[in-house]
Amino acid sequence: VLGESNGTAVTDSEISSGLQQALLNGIAKGVNVVSKENGYFKNPSIKIPWPDNVQKVESRLRQLGLDNQVDKVVLTLNRAAEDAAVKAKPIFISAIKQLSFGDVMSILKGSDDAATQFLKRTTSSNLIKEFRPVIQTSLNKVNATKYWGDAIDIYNKIPLVEKVDPDLTGYVTDRAMEGLFAMIQKEEKKI
């Protein structure tokens, strides 16, 4: 018994249930924000840019007047993340429903992002398994792989540049997860 509410003792079960419900509500809000159109693209804190290791490609293509091509790549990377984010909700729900009382107490007594850290530990491998194929399909559906391939082909034809060929699907998967957890953490702080 941790406290009293209306003169009656609050049970461990009620504490667990209360935290689980709060987390489920926060997760639903966080996932809903990122899984809608422009959930990533119009949110500067989680928008997925060109991969860091090929920023020089973006800069060079913009110098060549190919802004439209570069902008299409960024838009399609974010559309793929938005498509995949919807897969996160059932994975998170499953993890939350399996919280033990010890997990609940660790979250309640932990840092401001204890629930987010718990979800990262317990769901990341499942999220990657679910996100990666959805992102690959989405990248293909919105022609991102074509735009990306075209942009990289143009860049690789520039004389005297170091050729690049990064894993676009892996990059978008990682950034989609980072953005998702950032939104979950934001919702956690409201709880």
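This is a predicted model: local features need pLDDT of at least 70, side-chain atom pairs count only at pLDDT 80 or more; totals for chains, interfaces and linings use all residues.

**Helices and their buried sides**

Q: Why can the buried residues of α4 be said to line one face of the helix?

A: The buried residues (under 20% relative accessible area with a 1.4 Å probe and protein chains only, whereas exposed means over 50% and partly exposed in between) of α4 are A88, I91, F92, A95 and I96. Seen down the axis of α4, these buried residues line one face because they fall within an arc (taken from the directions from the axis to the C-beta atoms) of 130°.

Q: Which helices do the buried residues of α4 pack against?

A: Packing is judged here by contact, which means heavy atoms within 4.5 Å. Taken together, the helices that the buried residues of α4 pack against are α1, α3 (67–85), α6 and α8 (168–190).

Q: How are α1 and α4 directed, roughly parallel or roughly antiparallel?

A: Axes are lines fitted to C-alpha atoms, for helices over the stretch in contact, and angles run from 0 to 180 degrees between N-to-C directions. Helix α1, residues 12–35, and helix α4, residues 88–97, pack at an angle of about 165°, with their axes 10 Å apart. Since angles over 145 degrees count as such, that angle makes the direction of α1 relative to α4 roughly antiparallel.

Q: What is the angle at which α4 and α6 pack?

A: Like other packed pairs, two helices are described by the angle between their axes and the distance between the axes. For α4 and α6 the axes are 10 Å apart, and the angle is about 145°.

Q: Is A28 buried or partly exposed?

A: A28 is found in helix α1, and A28 is also one of the α1 residues in contact with α4. With a relative accessible area of 23%, A28 is partly exposed.

Q: Which residues does S16 touch, not counting residues up to four places away in sequence?

A: S16 is found in helix α1, and with a relative accessible area of 12% S16 is buried. Leaving out residues up to four places away in sequence, S16 touches F101 and V104.

Q: Over what arc around the axis do the buried residues of α5 lie?

A: In helix α5, residues 101–109, the buried residues are V104, M105 and I107, and what covers them includes α1 and α6 (114–141). They are on the same side of α5 because they cover an arc of only 160°.

Q: What is the relative accessible area of T116?

A: T116 is found in helix α6. Not counting residues up to four places away in sequence, T116 touches F181, I184, Q185 and E188. T116 is buried, with a relative accessible area of 0%.

Methods: Residues are numbered from 1 along each chain as its sequence is written. Side-chain values use heavy atoms; hydrogens and water are left out. Helices (H or I, at least four residues) and strands (E, at least two) are DSSP runs, numbered from the N terminus. Angles under 35 degrees count as roughly parallel, over 145 as roughly antiparallel, 65 to 115 as roughly perpendicular and the rest as oblique.
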